[in-house]
Amino acid sequence: MSASPNKDEFYKKLRAQLYETTRWPSEYLYKFIVKTNPEEIAKIEDIFNNLGAVINTNASKTGKYTSVSINVQMKDPDAVIFKYKEVAEKIEGVISL
């Protein structure tokens, strides 16, 4: 499955911004919003398993959605984008912030 032109452009801009604003390797904070579903949250956690990530979850007031924050050491912007794409591919309906 190939990414849409809008997504390709988004990742291209993100990559450039990350190179311009950060010295690598560096800690990076990912934030995702998913419907509250333990299996989906576990899938996100598994994607960052074995990277030494600090993962925090927080349910919305209604409990319908959960935010997942992941603080992890990444080697470069390409590694950051790879993880964004992996989450988007494996987790249906995820919102990346």
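The protein chain contains three helices and four strands, assigned as DSSP runs (helices H or I, at least four residues; strands E, at least two) and numbered from the N terminus; along the sequence they follow the pattern α-β-α-β-β-α-β. The model is predicted, so that local features need pLDDT of at least 70 and side-chain atom pairs count only at pLDDT 80 or more, whereas totals for chains, interfaces and linings use all residues. Residues are numbered from 1 along each chain as its sequence is written, and side-chain values use heavy atoms, with hydrogens and water left out.

The C-alpha trace spans about 40 × 30 × 25 Å along its principal axes. Buried residues (under 20% relative accessible area, with exposed meaning over 50% and partly exposed in between; 1.4 Å probe, protein chains only) account for 32% of the 97 residues in the protein chain. Of the contacts (heavy atoms within 4.5 Å) between residues at least 6 apart in sequence, 70% join residues at least 24 apart.

Within helix α2, which comprises residues 38-47, the buried positions include E40, I41, I44 and I47. These residues lie on the same side of α2 because they cover an arc of only 120° around the axis, the arc being that of the directions from the helix axis to the C-beta atoms. Cover for the buried residues of α2 is provided by elements including β1 (26-35), β2 (54-59), β3 (65-74) and α3 (77-90). On the other side of the helix, P38, E39 and D46 are exposed. The N-terminal end of α2 is capped by N37, a side-chain oxygen of which lies 2.9 Å from the backbone nitrogen of E39.

Terms used:
Polar contact = N/O pair within 3.5 Å; in protein donor to acceptor, adjacent residues only side chain to side chain.
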